[in-house]
Amino acid sequence: MQALVKTQKGEGFIELQDVPEPVNSDDEVLIEVKAAGICGTDIHVKHDTFPYWPPVILGHEFSGEIVKVGDNVTGWQVGDRVVGEPHTLHCGTCYLCREGHIQNCAQKRSPGWGIDGAFTKYLKYPPKLLHHIPDGMTFEQAALVEPAANCVTDIVERGSLEVGDFVVVTGPGPIGLIAAQVAKAGGAREVMIVGAPGDEELRLSTARKLGIDHVVNFAEENPVEKCLALTDGRGADLVIECSGAPPAIAQTVQLARKWGKICAIGLTGKRPVELDWDAAMTKVLTLYFSMSTAYASWDKTIWMIAEGKVNADLLVTHTLPLAEWEKAFEAVESMEALKVVLIP
Ligand SMILES: [Zn+2]
Ligand SMILES: [Zn+2]
């Protein structure tokens, strides 16, 4: 089968290779991959800026159909349409696993960087990490479940959002656009999303199409002034930071109201961040960090996408065959795309 493989450490070294089909153990199922999204992680592995164990097949945001079921597997059948949590090889015995945070286990090796991933035709998988997707959901839509589940974990599961909150999202990339919709689905009364002039053409216009209440280009309108004007001078109940840009992160303290919350989702790429610590203290802010997805977020996310509360169709701007992976990666890296899905 054809697979997109990161062949060795270093910048680049990605190629389409013919590899043997995986054989599932008695405890695993074999999945035929139907769609797989390109994630920031895949880009980082390409550029050697995220841990990975080469040679490894890339891709972890997949949807597919079960084609074989191991002898010891119960509850799953050939033909089941599924998505899978990427928490493979978590140990099950460390304090994080035993607290239920298997996604943060140090032993975890996800498909796509730790073990062979989904940019290929078949994937073997432990069934305990799978979730059913409804009949009406397309595989392309389902490929968005994993990134969207990150937002649901961070915003809903961690409890940073409360019903009736005024929410500001900074950074209107695919994750910011999902976060804004998740906030709305979770009961936010109004959501304001903030982007740069370079975001205007694709990202902010998509935010408008998605019906986000207030769409702000920070070169044209001051986000803090706008936020204060919309909240009787108080500020946002919750600020969801999805840009990873140090100046935007610094501004979250100004955007949040006293006793407000900041939910950090964007990574800075190790750039230092200067925060007005004393202002955060004076405002009695709470800052939430998260990494990866919690179990309970997956079925909630599947429901949000199935109901159109998170509009996957507007976010998937490119669907390409695996053979056109170079074009697909280029579309992500040039920011000409929002979400790109590969079809193996
Ligand atoms: Zn991802
Ligand atoms: Zn563990």
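Predicted model: local features only at pLDDT ≥ 70, side-chain atom pairs only at ≥ 80, totals over all residues.
Good morning. A residue is treated as buried here if 20 or more other C-beta atoms lie within 10 Å of its own. By that criterion Q181, with 28 C-beta neighbours inside 10 Å, counts as buried.

Q181 has its place in helix α5. Leaving aside neighbours within four places in sequence, the contacts of Q181 are L210, K309, V310 and N311. Q181 and M304 are 123 residues apart along the chain, yet their C-alpha atoms are separated by 9.1 Å.

The domain assignment gives domain 1, comprising 2-146 + 293-343, and domain 2, comprising 159-289. Between the C-alpha centres of domain 1 and domain 2 the distance is 28 Å. Where the domains touch, eight residues of domain 1 are in contact with 10 residues of domain 2. The side of domain 1 that touches domain 2 consists, by class, of five nonpolar, one polar and two charged residues.

Next, the core. Which residues touch the most other members of the largest nonpolar core? Of its 94 residues, they are A179, V182 and I240. Helix α5, residues 174-185, supplies the largest share of this core, namely eight residues. The core also draws at least three residues from each of domain 1 and domain 2. As for I240, if we do not count residues up to four places away in sequence, I240 touches I155, V167, V169, A179, A183, C263 and I265.

In helix α10, which spans residues 295-306, the buried residues are S297, W298, K300, T301, I302, M304 and I305. The elements covering the buried residues of α10 include β8 (130-132), α3 (139-142), α4 (145-157), α5 and α11 (312-315). Just after α10, G308 takes a positive phi of about 75°.

Helix α12, residues 325-333, has W325, A328, F329 and V332 as its buried residues. Why do they lie on the same side of α12? They cover an arc of only 95° around the axis, and this puts them on that one side. Their packing partners are β1 (2-6), β2 (14-18), α1 (40-46), β15 (316-321) and β16 (339-343). Just after α12, M335 takes a positive phi of about 65°.

Two of those partners, β1 and β2, also belong to an open sheet of three strands, in the order β2-β1-β4 and with antiparallel pairing. β2 and β4 (56-57) stand at the edges with a single partner strand each, so one side of each is left without a neighbour in the sheet. The antiparallel pairing of β1 and β4 runs over two bridges, and K6 stands opposite V56 in β4. In the loop between α1 and β4 we find P55. The peptide bond from P54 to P55 is cis, with omega near -5°.

A further strand pair deserves attention. Strand β3, residues 29-37, and β7 pair in the antiparallel sense over four bridges, with V29 opposite Y125 in β7. In a regular strand the side chains alternate between the two faces of the sheet. In β7, residues 122-125, Y122 and K124 point one way, whereas L123 and Y125 point the other way. Are these four residues of β7 buried or exposed? All are buried.

Finally, I would like to point out two loop residues with positive phi. L89, in the loop between β6 (81-84) and α2 (95-98), has a phi near 65°, a positive value in a residue other than glycine. With 14 other C-beta atoms within 10 Å, L89 is partly exposed. V284 is not a glycine either, although its phi is positive at about 55°. V284 lies in the loop between α9 (277-282) and β14 (286-289). Is V284 buried or exposed? V284 is exposed, with 11 other C-beta atoms within 10 Å.

Thank you for your attention.

Terms used
Residues numbered from 1 in each chain as written. Chains lettered and ligands numbered in written order. Buried ≥ 20, exposed ≤ 12 C-beta atoms within 10 Å, placed from the backbone. Arc of directions from axis to C-beta. Contact = placed C-beta atoms within 7 Å. Core = buried A, V, L, I, M, F, W, Y, C linked by C-beta atoms within 7 Å. Domains from an automatic or database assignment. Nonpolar A, V, L, I, M, F, W, Y, C, P; charged D, E, K, R; others polar. Pairing = 2+ DSSP bridges.
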